[in-house]
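This report accompanies a structure and its sequence. Please keep both in view while reading.

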Amino acid sequence: MMTTQRQRRTVSDHQLADAARELLDDGFRLGLVAAHDDGDRLRVVYLFLAGRPDRRIELSLTTPAQRPQVPSIAELSFPGGRFEREMADLFGITPLGHPRPRRLVRHAHWPQDWYPMRRNAGPPPPFTATGRYPFKKVAGPGVYEIPVGPIHAGLIEPGHFRFSVVGETVLRLKIRLWFVHRGVERSFEGRPAGDAAALAEHISGDTSAAHALAHSLAVEDALGVAVPDSVQRLRALLVELERLYNHVGDLGALANDVSFGLANAHALQVRERLLRLNRRVTGHRLLRGTIRPGGVSVRELPDSTELLQIGEDVAEIAALTLGNSVVYERFAQTAVLPGVDARMLGTLGYVARASGLDIDARLDHPVTALPVTEVSAEAGDVLARYTVRRDEVAASIALACHLVETHEGPLDVAVALPAPGRATDGVGIVEGWRGTIVHRVELTNDATISRAKIVDPSWFNWPGLPVAMTDTIVPDFPLANKSFNQSYAGNDL
């Protein structure tokens with residue numbers, strides 16, 4: 001098993017900005033910011049990550065609970081500014097010097113001075129409307145607005161999209177999310193460390209295995225539990241199976257968004273085969289109930305021959321799709337996210353790799369050595385996000401077959417979890433199908449979860465969609481949106 005040590009530094013208000021700047025200049029990215037209510041003090045932990053080799057550095061500072069405030073690092077890190085706005089909404093921590101400190105999570109009807117993540121928050125006061133969300137008005141000849149959502153046709157989750165348009169060309173898109181805040185992080189508190197994987201599986205339903213794994217790795221890191229390498233490889237196999245059925249579904253959905261229903265029909269048939277394979281392997285089509293802290297439980301290994309046949313079918317579907325000149329023209333140069341913007345926004349996963357960024361937690365933060373084939377593109381358009389998915393399907397099948405053919409040992413393993421005897425914390429990092437997932441947990445001395453902070457890649461990737469939509473026509477929005485395909489639930493915890 002590969003191990004990585006986190007460096008921990010306590011900093012003062014005056015030291016935070018310089019320490020963050022030094023890390024960012026050294027190639028680190030801000031992976032997570034977690035606030036904690038320690039009673040008379042509030043504590044903020046900034047987790048910076050860098051890969052190849054795996055490096056993890058935490059900066060921690062405290063502030064009085066009566067008037068909590070921290071210096072803003074929004075000018076240094078765009079994701080940092082969003083984490084600060086989240087802390088202000090949920091913990092009441094003021095980010096001093098933030099350029100735009102308006103609400104992020106809390107909608108206008110949320111109580112003004114109620115901070116649900118504080119220990120003494122109590123039940124929520126009455127929710128009453130206090131005004132409209134302050135969308136920025138774009139003025140000029142011929143400019144008009146198109147509001148979409150938050151209620152949509154079909155099964156999509158709620159989100160509001162406000163387009164400022166001239167003709168059919170989008171000048172500005174503003175996205176408003178957080179309509180279904182569930183209090184997921186608060187729900188982890190008080191649970192035994194070995195009994196919260198099922199909750200992690202429901203953070204974002206289509207990413208059940210990867211979130212369960214990130215949570216399990218965080219608990220194991222906190223408790224100092226080392227599971228056998230064969231267990232880590234079985235877990236990696238399950239995450240690849242999750243990547244496969246989601247990517248295949250997206251390949252079909254992207255074709256369907258330009259009315260190429262034939263390719264979508266074939267892709268849905270392959271996706272169904274993958275879901276049935278999942279059920280044979282784990283007993284659940286979405287791979288639930290399989291990964292837990294200290295172990296894994298698999299019923300049987302998938303058939304490599306079947307996986308290779310699926311790979312051939314997907315390659316044929318992709319060739320059929322891109323061989324259609326109308327489809328190709330709709331994909332190419334549509335909704336471009338330039339690499340410089342993708343890096344500044346902190347994008348992850350296939351969104352980042354389609355814009356030329358070299359980022360993959362399987363290589364940056366490995367828990368076991370895997371022969372991962374790196375996939376990337378440069379154009380940053382819908383076509384690039386399609387071809388990255390296509391190529392990742394082939395790479396994922398090759399990796400899954402390797403893991404199947406080299407497996408040794410039992411399929412059901414459970415390592416006992418000790419009581420730490422002291423308060424402790426741990427971090428788990430996984431490359432889910434959308435991108436890098438980070439979980440950080442803090443445990444009491446009897447191995448009860450006292451705090452869980454979760455970051456789905458959608459948190460980082462949603463801001464990239466409005467950037468990509470600039471100068472894109474309104475009819476291409478469904479296509480652009482599907483090419484990003486971010487989770488509403490994973491973003492809004």
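## Basis of the model

The structure is a predicted model, in which local features need pLDDT of at least 70 and side-chain atom pairs count only at pLDDT 80 or more, while totals for chains, interfaces and linings use all residues. Residues are numbered from 1 along each chain as its sequence is written, and side-chain values use heavy atoms, with hydrogens and water left out.

Helices (H or I, at least four residues) and strands (E, at least two) are DSSP runs numbered from the N terminus. Two strands are taken to pair if DSSP finds at least two bridges between them.

An open sheet of 4 strands has the order 1-4-3-2, with mixed pairing. Its edge strands are strand 1 (6–10) and strand 2, each of which pairs on one side only. On average, neighbouring strands of this sheet are turned by 20° against each other, direction ignored; axes are lines fitted to C-alpha atoms, for helices over the stretch in contact, and angles between N-to-C directions run from 0 to 180 degrees. Strands of a sheet pair through backbone hydrogen bonds, either parallel or antiparallel.

Strand 2 (residues 29–37) has 9 of its 9 residues buried, so it is largely enclosed by the rest of the structure. Buried means under 20% relative accessible area, exposed over 50%, and partly exposed in between, with a 1.4 Å probe and protein chains only. Strand 2 is joined by 8 bridges to strand 3 (residues 41–50), and the two run antiparallel; Leu-30 has Phe-48 in strand 3 as its bridge partner. The hairpin of these strands has 3 residues between them, and there Gly-39 takes a positive phi near 100°. Helix 2 (residues 78–91) lies across strand 2 and strand 3 and runs at about 15° to strand 2, where contact means heavy atoms within 4.5 Å.

Strand 3 is also joined to strand 4 (residues 55–64), by 10 bridges and in antiparallel fashion. Ala-50 stands opposite Arg-55 in strand 4.

Which way do helix 5 and helix 6 run relative to each other? The axes of helix 5 (residues 208–223) and helix 6 come within 8 Å and cross at roughly 150°, which makes helix 5 roughly antiparallel to helix 6. Angles under 35 degrees count as roughly parallel, over 145 as roughly antiparallel, 65 to 115 as roughly perpendicular and the rest as oblique. Residues of helix 5 in this contact include Leu-213, Leu-217 and Glu-220, and those of helix 6 include Arg-235, Leu-238 and Glu-242. By class, the contact of helix 5 with helix 6 has 6 nonpolar, 3 polar and 3 charged residues. Ala, Val, Leu, Ile, Met, Phe, Trp, Tyr, Cys and Pro count as nonpolar, Asp, Glu, Lys and Arg as charged, and the others, Gly among them, as polar.

Helix 6 (residues 229–256) also packs with helix 7 (residues 261–282), at an angle of about 165° and with the axes 7 Å apart. Helix 6 and helix 7 are therefore roughly antiparallel. Among the residues that meet are Leu-241, Tyr-245 and Val-248 in helix 6, and Ala-267, Arg-271 and Leu-274 in helix 7. This contact of helix 6 with helix 7 has 14 nonpolar, 7 polar and 1 charged residues.

Strand 13 and strand 14 (residues 436–443) are joined by 8 bridges, and Gly-426 has Val-441 in strand 14 as its bridge partner. In the loop between strand 14 and strand 15 is Ala-447, which has a positive phi of about 65° although it is not a glycine. Ala-447 is buried, with a relative accessible area of 13%.

## Other backbone features

Pro-150 is found in the loop between strand 7 (143–148) and strand 8 (160–166). The peptide bond from Gly-149 to Pro-150 is cis, with omega near 15°.

Asn-485 is found in the loop between helix 16 (477–484) and helix 17 (488–491). Phi of Asn-485 is positive, near 45°, in a residue other than glycine, and Asn-485 counts as buried at 14% relative accessibility.
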